[in-house]
Amino acid sequence: MNPERRSARLSAELLTLEGDALRLWRDADERRQALEVLVGAWERGNSDALRSAVQRWDDAVVAGLQVLGLPRGPIADIVVESFGRTWLGRKAPNCLLLIDGDVLRSAVRSRQSPDEVFRTWVHESLHGRAPFVLSDVRRHYETRGYEEGLVEGLARVITRDRAGMDIVEGPYTHYVRAYEALASVVGIEVEDLWRTLWHHPAGVVRDAFVGAVDEEWNRAIGLRLSRSQEARLLAVADRMFDVAEQRATVGDVRLLHDRWRLAFR
């Protein structure tokens, strides 16, 4: 595939990137080679080469998020280790970005698409928009679907829709579909809702949820939530975004719509 065809799938914002960042965003082969270099450096224990390879990948992600209006905040460091937890990446509350080298290696050896690695890196970087608000660890764990749904939704928009990457539905699909169903029911753009919520740090998205829906609803069609609607909306949302819902089979779209409509009756 020639460079023109590769770059034609990028959004106008991403086409403003330059140099290495543009090459990594537009070219799957370039991403694969960069990933192979990163994994090779990690396997050899070459810390200098690993840091250089990680920095190249990370710089491209950060540059892309910047031009898309979703800049990552400062992070303490990027740590590539064997964590043995099956996940590829995590943004820790102490502002470390954790990447599992074993999972990266498996992706390279199985010839898995590098785009899934890129999407995960974008996802974890979106968590890093601001310092984590750690007020109630248990409550955050129980309702983290609010945060994971908005971050995964934005990550898919960025990598699949803006960059034409080969992305498959993976983690947190139920939460993403729940947001999409809500947007459909109330007549707003789901990306606008995600972007509004993204301005609130991880840990307090639930607290901002009702206000964000009200803001977007008013912007789209000039309506405001009543007090009773606000209460019902939060009750339905707590059910939709509870951690237990992630473990359940993803419900059909009609069921998700019906649940949200309960808040607006």
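**Notebook: rings and a pocket**

I began with a charge over a ring: Arg 31 lies over the face of Phe 118, at 5.9 Å from the ring centre. I keep in mind that this is a predicted model.

Next I looked up the aromatic pairs, and a search of the whole structure gave 15 of them. I picked out Tyr 179 and Phe 241, whose ring centres are 4.6 Å apart. Their planes meet at 35 degrees, so I noted the pair as tilted.

Which parts does this pair tie together? I found Tyr 179 in helix α9 (residues 173-186) and Phe 241 in the loop between α12 (227-240) and α13 (243-247), so the pair links parts that are 62 residues apart in sequence.

Are the two residues buried or exposed? Tyr 179 is buried, with 0% relative accessibility, and Phe 241 is buried too, at a relative accessible area of 0%.

I then looked at the cluster around them. Tyr 179 and Phe 241 belong to one aromatic cluster with Tyr 146, Tyr 172, Tyr 175, Trp 194, Phe 209 and Trp 260.

My last stop was the second largest pocket, which has a volume of about 260 Å³. I counted 13 lining residues, and the closest to the pocket centre are Arg 51, Val 54, Asp 77, Ile 78 and Val 79. Two elements, α4 (47-67) and β1 (77-81), each give two or more residues to this lining. Helix α4 gives the most, with seven residues. Sorting the lining by class, I got six nonpolar, two polar and five charged residues.

Methods
Residues are numbered from 1 along each chain as its sequence is written. This is a predicted model: local features need pLDDT of at least 70, side-chain atom pairs count only at pLDDT 80 or more; totals for chains, interfaces and linings use all residues. Side-chain values use heavy atoms; hydrogens and water are left out. On a 1 Å grid over the protein atoms alone, a cavity is a set of points where a 1.4 Å probe fits but cannot get out, and a pocket is an open set with protein on both sides within 12 Å along at least five of seven lines; lining residues have an atom within 4 Å of a point. Grid points are joined across faces, edges and corners, and a volume is the space filled by probe spheres set on the points. Helices (H or I, at least four residues) and strands (E, at least two) are DSSP runs, numbered from the N terminus. Ala, Val, Leu, Ile, Met, Phe, Trp, Tyr, Cys and Pro count as nonpolar, Asp, Glu, Lys and Arg as charged, and the others, Gly among them, as polar. Rings of Phe, Tyr and Trp (its six-membered ring) pair if their centres lie within 6.5 Å; planes under 30 degrees apart count as stacked, over 60 as edge-to-face and the rest as tilted. Buried means under 20% relative accessible area, exposed over 50%, partly exposed in between (1.4 Å probe, protein chains only). A charge sits over a ring if NZ of Lys or CZ of Arg is within 6 Å of the ring centre and within 35 degrees of the ring normal.
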